Amino acid sequence: MYGFAMKVYGCQMNQYDASKIQTALTALGWHETDEETADAVIFVACSIRDKAEHKVWSELGRYAERWQAEGKPAVAVTSCIAQNVGTEMAGRFPWVRVVSGPRHIGDLPAALSDALDNGNRHTLLDDDPRAVRELDVPPSVRSFQWKASVTISHGCDNFCTYCIVPYVRGRFASRPAEEILAEVRSLVAGGAKEITLLGQNVDTWGLDCPGGMRFADLLELVAREPGVEWLRFMTSYPTDFTVDVVETMVRHSNICPSINLPIQAGSERVLRAMNRRYSLEEYADTMKLIRDGLPEVGLTSDLIVGFPGETEEEFQCSLAALERFRFDMVHTAAYSPRQGTPAAKMKNQIPAAVKERRLNEVNDLQTSIARQINQSLVGRTYKVLVDGPAPKGDYMEARTATDKVVLLKGAGASFGQFVTAKIDSAESWCLKGTVLR
Ligand code: SAH
Ligand code: SF4
Ligand code: F3S
């Protein structure tokens, strides 16, 4: 049976899809191996910014030598990047044998088997943004057995003017509650303690289905499932977020007080040009209802600098927003034009050097805000879930319910366990602590 290697980039949706692909191929009797000896290499990759695509283009070039010598590996390019530029990739590199968009991974195992057995090439893309060929297996093979995600909806209908996701992931479609619950149960039975519900806009879950269920109802149902010790969700949309989500979080102690509420810009004009459907004050109202209900909440956000036409004053509004809302963490990015999106055609594209300078400025400010917040937590104790060894130093890496990274000394035996940790010191991106019990 074949050996395969996974190369996974992008957001948690890609991690989730990759995990399903691993599960399906393992069920066929295939085994995971390293890239150098694999019969098949599967890229589950991202198109959100130019840099993300660029990396994959350059990695694909590296298979030339082995392909010429051995006729291996057969490469599959899947997910958002495949929908966007997969055909070009297959045209350039003969070792790309399968191209599959994110809505077609259900057909991937058969296509890849055929590519390896018979040498055929497959392109699994289509023009219908509602078509979904799901891979109908739970994501059982995962990096951490105690953590699992469940996609609750496909696609996105928001069409923020900078974003490629609606074009590559297609139209928004909720997965039925029963399907989600069945997957949660199977993941819990397989050892998952922490479940994360994923959607590009979780707050509109259910609106496209009969029965009138809303996201808060789904959250309630999953929170009540036996064995779901921690429950998370992302991403929330400022003006679709409803107060009953906070109420449900307050009622269930296993729903982690952690919310990602992307702001994207601090200027009203830029927000409108981005087609974000909120004003800064509406954003502030949502923040207030969250903080009023959940005073200990961990709040993160996303912010883009250098959107076309962003003036220096408008950029200052983004800095002011960071000061005003004091997020625990912010995913910042320099605007990257994506072909086919409205913003890519806008005039007044901002020069790269200006975007970079603005990115450094927001990062410096946010780093100092995060350090202050984290330092105020020194001396506190938290229940944390231990993930594994930290990438650097002699530490174990764990997370609080508020999704803060905690580096722990001497918790060697506790992977996948909840422990109580006392926070001894803090940096901008993490807390450091000791295990109490
Ligand atoms: N659905 C989520 C996440 C989408 S993608 C949301 O609404 O926020 C994750 C992040 O990538 C976005 O929040 C945005 O900040 C960033 N992003 C998307 N398109 C981008 C682009 N063209 N250039 C730079 N950053 C982008
Ligand atoms: Fe992209 Fe906007 Fe949809 Fe998020 S909500 S995925 S930023 S279009
Ligand atoms: Fe995720 Fe990247 Fe696609 S962020 S949805 S993998 S374009």
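This is a predicted model: local features need pLDDT of at least 70, side-chain atom pairs count only at pLDDT 80 or more; totals for chains, interfaces and linings use all residues.

Q: Which residues surround ligand 3?

A: A shell is read by listing the residues that have a heavy atom within 4 Å of the ligand. For ligand 3 these are C11, N14, C46, S47, I48, C80, V165, R169 and Q200. Sorted by class, the shell around ligand 3 holds 5 nonpolar, 3 polar and 1 charged residues.

Q: How many residues surround ligand 1, and which are the closest?

A: The shell around ligand 1 has 15 residues, and the closest are Y162, Q200, Q264, D302 and S336. Its classes are 7 nonpolar, 4 polar and 4 charged.

Q: Which atoms of ligand 1 lie 2.8 Å from an N or O atom in the side chain of Q200?

A: A polar contact is a pair of N or O atoms within 3.5 Å. Here, a nitrogen atom of ligand 1 is 2.8 Å from an N or O atom in the side chain of Q200. For S336, a backbone N or O atom lies 2.8 Å from a nitrogen atom of ligand 1. The side chain of R276 has an N or O atom 3.5 Å from an oxygen atom of ligand 1.

Q: How much of the accessible area of ligand 1 does the protein cover?

A: On its own, ligand 1 has 530 Å² of accessible area, of which the protein covers 88%. The elements that give two or more residues to this shell are β13 (298-305) and β14 (329-334).

Q: What does the UniProt record list for residues 142-374?

A: An unreviewed UniProt entry lists these residues as "domain: Radical SAM core". In the model, the span is 40% helix and 15% strand, and its end C-alpha atoms lie 30 Å apart.

Q: Finally, how is a pair of aromatic rings described?

A: Such a pair is described by the distance of the centres and the angle of the planes. The count here comes to 16 aromatic pairs. One of them is the tilted pair of W57 and F93, with 6.1 Å centre to centre and 50 degrees between the planes. This pair links distant parts of the chain, 36 residues apart: W57 is in helix α2 (residues 50-61), and F93 is in the loop between α4 (80-92) and β5 (96-100).

How values were computed:
Residues are numbered from 1 along each chain as its sequence is written. Chains are lettered from A and ligands numbered from 1 in the order in which they are written. Side-chain values use heavy atoms; hydrogens and water are left out. UniProt positions are given in the numbering used here, feature names are shortened, and annotations may be inferred rather than shown by experiment. Helices (H or I, at least four residues) and strands (E, at least two) are DSSP runs, numbered from the N terminus. A polar contact is a pair of N or O atoms within 3.5 Å; within protein, one must be able to donate a hydrogen and the other to accept it, and residues adjacent in sequence count only if both atoms are side-chain atoms. Accessible areas come from the Shrake-Rupley method with a 1.4 Å probe; for residues, only the protein chains shown count as cover. Ala, Val, Leu, Ile, Met, Phe, Trp, Tyr, Cys and Pro count as nonpolar, Asp, Glu, Lys and Arg as charged, and the others, Gly among them, as polar. Rings of Phe, Tyr and Trp (its six-membered ring) pair if their centres lie within 6.5 Å; planes under 30 degrees apart count as stacked, over 60 as edge-to-face and the rest as tilted.
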